[in-house]
Amino acid sequence: MSANPEYSFFGSVERSFDKAAQFTTWDPGILEQIKACNAVYRMKFPVRMDDGRIEVIEAYRVQHSQHKTPCKGGIRFAAEVNQDEVMALAALMTYKCAIVNVPFGGGKGGIKINPRKYSVYELEKITRRYTAELVKKNFIGPGTDVPAPDYGTGEREMAWIVDTYSSLRPGEIDAAGCVTGKPVTQGGVRGRREATGLGIFYGIREVCNMPDVMNKLGLPVGIAGKKVVIQGLGNVGYHAAKFFQNAGAKIIGLAEYEGAIYNEGGLDVDAVFEHRKTSGSILNFADGKNFAKNTDALEYDCDILIPAALENVINAENAPRISAKIIGEGANGPLTPEADEILIQKGTLVVPDMYLNAGGVTVSYFEWLKNLSHVRYGRMEKRFTENMNTHILGQIEELTNKQVNSRERQLIVHGPDEVDLVHSGLEETMITATHEIMDAWRKNPQIPDMRTAAYVVAINKVGTSYAELGIFP
Ligand code: NAD
């Protein structure tokens, strides 16, 4: 959102699209169709507040593309919600889903309220009424449009949505698939909480495993030993930091809104997290030093910088001082377009948000598949796999007269739980998407940056869908 009334977020998405479209060969009509928002539903509905007042609520649901159905995208509760913003976010969802091969069109919803100004009961009434409005116009359903959480919404709101939908559509067997991000007890999937941070790790690890890319950046191949700085120790930043640390990277800097700390030898992420919880601040961590300002962390000498807090934190002012070789956009829009240009000139590799933070939507897709199949991942095969692995291991031990230790035994025998399968599906998704983007870039060196290459991949996939579907007369 911008305070400038002239600024259009949707317009800026269109500009990024146009920049990439010149590297494709699609008919201009197809490009126009890919860009267009197919359906915009703007609604107003009355809700009675706790004090007896009736308030008229403004809300939106945008379906940007139905080249694949259902449409998919979060619902945000924020005072600044407007049509332009919801349209832009819906368009980004189309491209994001295409890049990570999630077979959905893009959608987004928004309710123009500051959720902190309402009681829980009022929020429940607003959410349920919004869902009823969506049902009336067929803007929600497991086969048409599947919302998810976004700013200001979470598992609680998703539970209200699925309950409202199910009661308005009694007997609809796939009703649980009308929304994702639900609590596990209401049809949610295990592994969603850490999905975005884990997806970021898988994406960056894959980039770091590409010898040509690392050569160009003057870095050794692999994640182990890489120096990482992370901004934001929230859901995305914390999990990303943990996965990098577990893989042998050194977390040398961590930033929060109250300050930032560093240690060249590496910070222990959980110890920092605990210190912040008990002391109320990330500063004065026993095993680290304070930066003068929290933004200093962004400029610290490192291999990988992960901004995972807010948008526009790297801009024309500080971009020239960024020394990271790789920036992994964990947050949405952490770089301004001016910063993007400066970093391209410097040769920094910016791994774009649109694909790098797609772990959430990928795991949402797995949740939707679980809802349609009506069975928890792993339920059918876990014991079978364990019995078979035990048998094979027993045979090997008998034939070799040797025994594996108990830790190895556990690893070999283990049959997959839901969380194992979700992580594995996410790993496959991020590896494939990274290769598709890099291959598109290698094929056309005129493409200036990885963000544009990601858009090219998205345009080609959505374009292929439209071209193969043909135009309904
Ligand atoms: P969050 O609220 O859990 O975490 C954000 C963290 O950033 C908080 O700990 C906050 O204190 C910190 N922060 C705030 N201002 C800061 C500042 N000036 N400097 C340093 N740290 C600061 O949110 P999140 O879910 O982790 O999301 C972070 C970003 O990632 C957002 O841009 C969001 O849109 C994006 N994102 C999130 C998901 C997801 O699944 N959660 C998916 C895709 C993208």
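This report describes the surroundings of the ligand and one lysine in a predicted model.

## Basis of the model

Local features need pLDDT of at least 70 and side-chain atom pairs count only at pLDDT 80 or more, while totals for chains, interfaces and linings use all residues. Residues are numbered from 1 along each chain as its sequence is written, and side-chain values use heavy atoms, with hydrogens and water left out.

## The shell around the ligand

## Polar atoms and cover

An oxygen atom of the ligand lies 2.5 Å from a side-chain N or O atom of glutamate 256, and an oxygen atom of the ligand is 2.9 Å from a polar backbone atom of asparagine 235. For asparagine 332, a polar side-chain atom is 3.1 Å from an oxygen atom of the ligand. Of the 820 Å² of accessible area that the ligand has on its own, the protein covers 71% (Shrake-Rupley method, 1.4 Å probe).

## Lysine 242

Lysine 242 is placed in helix H8 (a DSSP run of at least four residues). Lysine 242 is buried, with a relative accessible area of 19%, buried meaning under 20% with a 1.4 Å probe and protein chains only. Apart from neighbours within four places in sequence, lysine 242 is in contact with Val269 and Asp270 (heavy atoms within 4.5 Å).

Methods:
A polar contact is a pair of N or O atoms within 3.5 Å; within protein, one must be able to donate a hydrogen and the other to accept it, and residues adjacent in sequence count only if both atoms are side-chain atoms. Helices (H or I, at least four residues) and strands (E, at least two) are DSSP runs, numbered from the N terminus. Buried means under 20% relative accessible area, exposed over 50%, partly exposed in between (1.4 Å probe, protein chains only).
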